[in-house]
Amino acid sequence: MAAPRAIRLIFQEAWGAPEHRGLLDRDPRVRTLCRVLVSYPEVRHIVPDRVSLDPEADPEILETVARFLSRQRWLVRSVEIL
């Protein structure tokens, strides 16, 4: 069995403040972003600073999701594949 795969997000300074909850924030843009993420069948769960994918997920899917998240410059400063 393969190791779990995850993408960790480092947020922009404004979104890293305590009143924000990362990917679980109530902001409509963040909620829409999460709806897009869960549309991928390989996405297992989302926590405030991570997106966990199925261990058997194709590496291309992992890269695609990471690239998609890295383009969300209004929210994300950097993306790290774990």
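Numbering starts at 1 along each chain as its sequence is written, and side-chain values use heavy atoms, with hydrogens and water left out. Because the model is predicted, local features need pLDDT of at least 70 and side-chain atom pairs count only at pLDDT 80 or more, while totals for chains, interfaces and linings use all residues.

**Helices**

Helices (H or I, at least four residues) and strands (E, at least two) are DSSP runs, numbered from the N terminus. Helix H2 spans residues 59–70. Its 12 residues reach 16 Å from first C-alpha to last, close to the 16 Å expected at 1.5 Å a residue. That expected span is 1.5 Å times one less than the number of residues.

Five positions of H2 are listed here: Leu62, Val65, Ala66, Phe68 and Leu69 are buried. Buried means under 20% relative accessible area, exposed over 50%, and partly exposed in between (1.4 Å probe, protein chains only). The arc is taken from the directions from the helix axis to the C-beta atoms. They pack against strand S1 (5–11), helix H1 (28–38), strand S3 (50–53) and strand S4 (76–81).

In H1, Val30, Leu33, Cys34 and Leu37 are buried. They fall within an arc of 100° seen down the axis, so they line one face of H1. Pro28 and Arg35 are exposed on the other side. The buried residues of H1 pack against S2, S3 and H2.

| Helix | Capping residue | Backbone nitrogen reached | Distance from side-chain oxygen |
|---|---|---|---|
| H1 | Asp27 | Arg29 | 2.8 Å |
| H2 | Asp58 | Glu60 | 2.9 Å |

**Strand pairs**

Two strands pair if DSSP finds at least two bridges between them. S1 and S3 pair in the antiparallel sense over 4 bridges. Arg5 stands opposite Leu53 in S3. S1 and S4 are also antiparallel, over 5 bridges. Ile10 has Ser78 of S4 as its bridge partner.

**Core**

A nonpolar core is a set of buried Ala, Val, Leu, Ile, Met, Phe, Trp, Tyr and Cys residues joined through side-chain atoms within 4.5 Å. The largest one has 21 residues. Ile7, Leu23, Leu37, Leu53, Leu69 and Leu75 have the most contacts inside it. S1, H1, strand S2 (43–47), S3 and H2 each supply at least two residues of this core. H2 gives the most, with 5 residues.

Contact means heavy atoms within 4.5 Å. Leaving aside neighbours within four places in sequence, Leu23 is in contact with residues including Leu9, Phe11, Leu33, Ile46, Val51 and Leu75.

**Two single residues**

Ser52 sits in strand S3. Its relative accessible area is 9%, so Ser52 is buried. Beyond neighbours within four places in sequence, Ser52 is in contact with Arg5, Ala6, Glu42, Val43, Arg44 and His45.

Arg73 lies in the loop between H2 and S4. Arg73 counts as partly exposed because its relative accessibility is 48%. Not counting residues up to four places away in sequence, Arg73 touches Gln12 and Ser78. The Arg73 side chain reaches the backbone oxygen of Arg77 at 2.7 Å. Arg73 and Ala14 are 59 residues apart in sequence and 12 Å apart in space, C-alpha to C-alpha.

Note on methods: A polar contact is a pair of N or O atoms within 3.5 Å; within protein, one must be able to donate a hydrogen and the other to accept it, and residues adjacent in sequence count only if both atoms are side-chain atoms.
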